[in-house]
Amino acid sequence: GVASVFTQTAIGLEIIDESDTRILIKDLMDQAEMKPVKSIERLKVLIKNLLSDILDGAESGRKNIAENLVEKDREIDRIDWLISRQVNIYQKDYSLARKLGTKLTEISGCSTASRTLERIGDHGLILAKNIDVLNEEPGTAEVLKEVVSIGREVMEQVSISVSTWLDKDMHAANKCIEDSARLAERTRILSRMASDLNQNVGVAVSMIGGSLRRIAEYSMDLSELAINSAMG
């Protein structure tokens, strides 16, 4: 209703209870609620759900995958906005960070992590649009199977990379960088497959390969952030 439209546009407001006669809206900018790290955890779940939806659609041959992601994409953008607002407030008033026992470097780390996750979401939409092209064409079963196989592993590394940063786990971060680099390399197989397909499908497969590679590289960036955080 009107309230949900309002909270979608008014960044930082969340409906927590609604009945016929009253609506309870919480201001997430309230100092007690303002924890960017919590928002990053939420963003991690949203990104994983987005990628999972896309790959499930690729596996089942569902049509118009991209069309059904508008709401999920809007929510990812909204949380990213929320984090940048929260980070801004902390940077202007350092005493807030001290009250919550958080370093300013961790706060700016939230900003970098959020921006990286939002870009992963953007690449998710590129994946969805191009998988839609493949699902419309005959003879793409083999390439779709490879897309899903690489995609699931890439999705797992995204999740692991955020955890390495949240946990400041340097050992897991180093492993994630190695695994993600291997996956980025593995996307080259899609370029080779693209050259054997008709132009329309070939272009879509190349775009998918490019986005999967970028997502794997973003996982490496998040793991680098984890290593810097652990060393700091």
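Modeller: The model is predicted, so local features need pLDDT of at least 70 and side-chain atom pairs count only at pLDDT 80 or more, while totals for chains, interfaces and linings use all residues. Residues are numbered from 1 along each chain as its sequence is written, and side-chain values use heavy atoms, with hydrogens and water left out.

Biologist: Why is Ile83 called buried?

Modeller: Buried means under 20% relative accessible area, exposed means over 50%, and partly exposed is in between (1.4 Å probe, protein chains only). Ile83 has a relative accessible area of 0%, so Ile83 is buried.

Biologist: What does Ile83 touch, not counting residues up to four places away in sequence?

Modeller: Contact means heavy atoms within 4.5 Å. With those residues not counted, Ile83 touches Pro36, Ser39, Ile40, Leu43, Cys110 and Ser114. Cys110 is 27 residues from Ile83 along the chain, and their C-alpha atoms are separated by 7.4 Å.

Biologist: Which helix holds Ile83?

Modeller: Ile83 is found in helix 3, residues 70-92. Helices (H or I, at least four residues) and strands (E, at least two) are DSSP runs, numbered from the N terminus.

Biologist: What makes Glu71 and Arg74 a salt bridge?

Modeller: A salt bridge is a side-chain nitrogen of Lys or Arg within 4 Å of a carboxyl oxygen of Asp or Glu. For Glu71 and Arg74 the N to O distance is 3.3 Å, and their side chains meet in a salt bridge. The two are three residues apart in helix 3, so about one helical turn separates them.

Biologist: Are Glu71 and Arg74 buried or partly exposed?

Modeller: Glu71 counts as partly exposed because its relative accessibility is 44%. Arg74, at 39%, also counts as partly exposed.

Biologist: How do you know that Lys168 forms a salt bridge with Glu106?

Modeller: The closest N and O atoms of Lys168 and Glu106 are 2.9 Å apart, and the limit is 4 Å. Lys168 lies in the loop between helix 6 (141-167) and helix 7 (170-186), and Glu106 lies in helix 5 (residues 104-136), so the pair ties together parts that are 62 residues apart in sequence.

Biologist: What about Arg182 and Glu153?

Modeller: Arg182 forms a salt bridge with Glu153, with the closest N and O atoms 3.7 Å apart. This pair links distant parts of the chain, with Arg182 in helix 7 and Glu153 in helix 6, 29 residues apart.

Biologist: How many salt bridges does the structure hold?

Modeller: The structure holds 15 salt bridges.
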